[in-house]
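Welcome! Take a moment to look over the sequence and the 3D view, and then we will walk through them together.

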Amino acid sequence: MRAIYLFLALFFSVNIEAKIGAKGFFAEPGVMSAHLSSDGSKVALVTNTYGVLAIEIYDVEQTTRTPVFNFESIKKNDVRVLNATWLGSRYLALEIGLEVLGVENLLDTKRKVDYLIVDSQASADEPKAYGIKAKGVIIDPLNVDDEHFMFAKYGANSRIYKLKVSKLNRYGKKFSKLDRPDGGQLKKKNQTVSVEGAVVRWFLAENGEVESVLYFKRGEGMRLAEIEKGEVTTEIHAWLTTREAKDRRKKQARKNQKAKKRGDEPTIDRVLNLSDVTKTHFVPVKKADTTNRFYGVNLESEDNIQTVYLIDYEKKEYKPVYESVAYRITDFEPSEDGKRLASVNLVMDGEAFTDYLDEDGNSTLLSSDNLRIEVGSSVEGNVTLDYVENVNNPGRYHLNKGGKETVLASRYPQLDKMAEIELVKSKIQSDDLEVEYFLTLPKAGDRVPLVVMPHGGPIGVFDSHYFDAGTRFLNEQGYAVLRVNYRGSGGYTKDFIDAGKKQFGVGILKDIVNATSDVLKRDDIDASSVCIAGMSYGGYAATMLTLQHPEIFKCGATVAGVSDVYLMANNTRLSSRQFEWVKEHIGDADTEKEHLLSISPVYLTENLSRPLLVVHGTKDKIVDIEHAYRLKYVLDKNQKDYEWLELENSGHQFEHESDLIQVFDTLATFLAKHL
Amino acid sequence: MKKFIALLALLMALSTSYPASAKKRSPIKLQSIEEAKAKPQRIKESEGWVLVHIDASSPAPSIDVQRLLSRVEDAKTLPSGKKIEPCMACRDTNISFKNLSPGYYIFPMRVGVYQITNFNVPYYGLPYIQDTDRDRRFRFRVGEGAISYIGHIELQKERTSNSAEVAYLDRYATANDELKAALSQLNFELPIFYGYGMETLFQMDPIGGKE
């Protein structure tokens, strides 16, 4: 009998490969980030085990991984590692975000950013970590010095100090009367630079010395100035409002009139001469190639597009070098010589990524099959750390030493064994536009059912062909997945984005149908088993196309989707600028009401002949829950076949891991029922 | 002398007349459904009931409203994007939500079309005011002989930043079951009138009224 059981157990273990479920795809990464020390001897890994963060040190020579710090030891709520920098090769400085609970109610809760400096030579049992009490920023880690770093203290007057790590106070330790904040190191002896004003940003030369500074000069507004021998010397630019400039001009004219009467030479207002009042809000963020040239932003941009400019304060020239319509630009990096922009960090609804630019300043996001980013390099350049991601790789850190490459860590270890899939990149002609699509095929099946997944947005957002958890989850369940970068998508040209204007319920849907029709010609796709599912705009497209093309789509799933475009165009959460943007890109609720109603699923459901899955979070602030309830009402009224999932306290992106897992589990069950 | 008396009378009239935009402290008393069930307020002939869902959390949240028109049917004629002069003798009214727990509230208001002109969300050092007097998205209608559901108002202090979150949302479909429940508690024998915005486009089955 035991032999039969053993045989059965062996039979099933060999023949049934367990599919990875939603839990595997939507869990937080096991390795959050990796950081190479400047001498290339160590890599710090920020790990995450069921929500508990820790630091492990990988020794490049010994190839060993040692835990040195566990965040449970600092007993703080909801800690997040925002950034990490090696201070030489011993100490790792972590910028951590903390939730500080208020006294009476949660309304007082605030997020606080702290520095936590971890000693990599300590052990997890006896961790050693230091804190910095003074408010400021580490501006130079002094890579060749293991003990010291440069710290810029914020304040009405700003100073830079050279601090010794071992003299700092231990993190979280209560102060006694004998303890001095930061080991009493913030004193003149350790001071290297002093600016009489509140510094907003320090600009460093390649050798680490402060070259220029952006600061508020007391009573005179913002200034950009050069620094020499630790002090402000030449002013590069001054910011004056139109009114301030007018007042200064009047004052200057009066002064010069008096001088003229006296027979003196007229004087020139230096600050007035420096400023450029017509373009007063171009602010420098990163240093470019010369003293007067910077990469920066326009704080008073009138349109919805976020732009990085190359600013020449001497010539008073402002040239756009990077634009983003839908994604928020959070940071950017110039190339080493400062002559071009090398990368831009973008974020939208919590999703963050980096766009690397080629020599001509073009985005490389959609150009290569393999995403490879150098995240660290030793000073000598003999050791590098790369982040690699592609359709079959959810993200791994690769260490290169002496021409030999090894995989150091996987961001999602639980996905290491997921089945490989095939990626097909193709283009179709839709009207006069070339539209790209990505088809991912599970390798196992001959003819597989298809799920079409239009992305959200719709304007400026795009799908990339690298790893996408939602797509790969559906592939793992045995479906081919089609994603279309329809007109209006970002990542291509500005003209292509503009082509999406007022095509919300028209041209964009046409592109999705055309791409689907192209894919259905393939022998490996079962054209009789096609469903469409999407989030946000993708949910809208899924509902509309299920309505309009029952001959193609056997079912549809709308997750946080728009169902009433007129209601969306009147959303009171939109600022006046966003409201104007919606008028221009989607439609004007005053003058185009009939059109907006004609492309709204809630006024068209009588024609629905295929089952629909409706999923929405009650705390969705982008597409209000009312959209789902209106759809539910008309589906009930017209006695249509539908399934409903309402997630309490979930937002537009289903931020809680458990919610996202529930959404995709429900979607998988729904698809299995209808395909 | 006659001239002097006339001038004096004019001066006195001018000094006592009310400017159209002058603010009047709220005489409006909001009642929860339970309070209205136990002891409903008296309603005048020219007034209708207003039903609103409120979720406000700051020390003294309130809105300012202005009556633009006396006839609900004329709402569609109002232009958008510019400030509308209030109707004759109409004054700004401040409706305070101080110390109100989240839920439905009912109160009488004169029949007509209203503009929410300001959202006030003071929070210690943050005197947040959102000016909405030119924006037609912030209008509602109060119908005659009905309970006008005017939507959901959210006035929240943001947890993590020095800003306030303000929303005025049409939740007629989402709140449909709750509205039926509220109406059954009230025993007013009046139908619910969909008063959010300037016109009703999304049609739903009527709620309430005499059988």
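What percentage of the contacts in chain A with a separation of 6 or more do residues 24 or more positions apart account for? The figure is 53%, where two residues are in contact if their C-beta atoms, placed from the backbone, lie within 7 Å. Please keep in mind that this is a predicted model, in which local features need pLDDT of at least 70 and side-chain atom pairs count only at pLDDT 80 or more, while totals for chains, interfaces and linings use all residues. Residues are numbered from 1 along each chain as its sequence is written, and chains are lettered from A and ligands numbered from 1 in the order in which they are written.

**Chain A as a whole**

- Chain A has 13 helices and 35 strands; helices (H or I, at least four residues) and strands (E, at least two) are DSSP runs, numbered from the N terminus.
- Its radius of gyration is 29 Å, close to the 26 Å that the globule rule gives for 675 residues, so chain A is as compact as a globular protein of that length. The radius is taken over C-alpha atoms, and the rule is 2.2 Å times the number of residues to the power 0.38.
- The C-alpha trace of chain A spans about 95 × 75 × 55 Å along its principal axes.
- Of the 675 residues in chain A, 39% count as buried. A residue is buried if 20 or more other C-beta atoms lie within 10 Å of its own, exposed if 12 or fewer, and partly exposed in between, with C-beta atoms placed from the backbone.

**Parallel strands in chain A**

- Strands β30 (residues 448-452) and β32 (residues 525-535) of chain A run parallel and are joined by four bridges; two strands pair if DSSP finds at least two bridges between them.
- Within this pairing, A:V451 stands opposite A:C531.
- Five bridges join β32(A) to strand β33 (residues 555-559) of chain A, again in parallel, and here A:C531 stands opposite A:C555.
- From β32(A) the chain passes through helix α8 (residues 537-548) of chain A to reach β33(A), making a right-handed β-α-β crossover. Right-handed means that, with the strands pointing away from the viewer, the path from the first strand over the helix to the second runs clockwise.

**An antiparallel sheet in chain A**

- Strands of a sheet pair through backbone hydrogen bonds, either parallel or antiparallel.
- Four strands of chain A form an open sheet in the order β13-β14-β15-β16, with antiparallel pairing.
- Why do β13 (198-204) and β16 (231-238) of chain A each have one side left without a neighbour in the sheet? They stand at the edges, and each has a single partner strand.
- Neighbouring strands of this sheet are turned by 30° against each other on average, direction ignored.
- Six bridges link β13(A) with strand β14 (residues 210-217) of chain A in the antiparallel sense, and A:R201 has A:L214 in β14(A) as its bridge partner.

**Backbone details in chain A**

- A:G457 and A:P458 are joined by a cis peptide bond, with omega about 0°. A:P458 is in the loop between β30 and α5 (469-476) of chain A.
- A:L142 has a phi near 50°, a positive value in a residue other than glycine. This residue lies in the loop between β9 (136-140) and β10 (148-153) of chain A, and A:L142 is partly exposed, with 17 other C-beta atoms within 10 Å.
- A:K502 also is not a glycine, yet has a positive phi of about 55°. A:K502 sits in the loop between α6 (494-498) and α7 (507-520) of chain A, and counts as partly exposed with 16 C-beta neighbours inside 10 Å.

**Helix α12 of chain A**

- Is this helix largely enclosed or open, and why? With 10 of its 12 residues buried, α12(A) is largely enclosed by the rest of the structure.
- Its buried residues include A:H627, A:Y629 and A:L631.
- A:Q639, with a positive phi near 50°, follows α12(A).

**Chain B**

- Chain B contains three helices and 12 strands, and 38% of its 211 residues count as buried.
- B:I33 is placed in helix α2 (residues 33-38) of chain B, and counts as partly exposed with 18 C-beta neighbours inside 10 Å.
- Not counting residues up to four places away in sequence, B:I33 touches several residues, among them B:Y104 and B:L186.

How values were computed. Axes fitted to C-alpha atoms, helices over the stretch in contact; angles between N-to-C directions.
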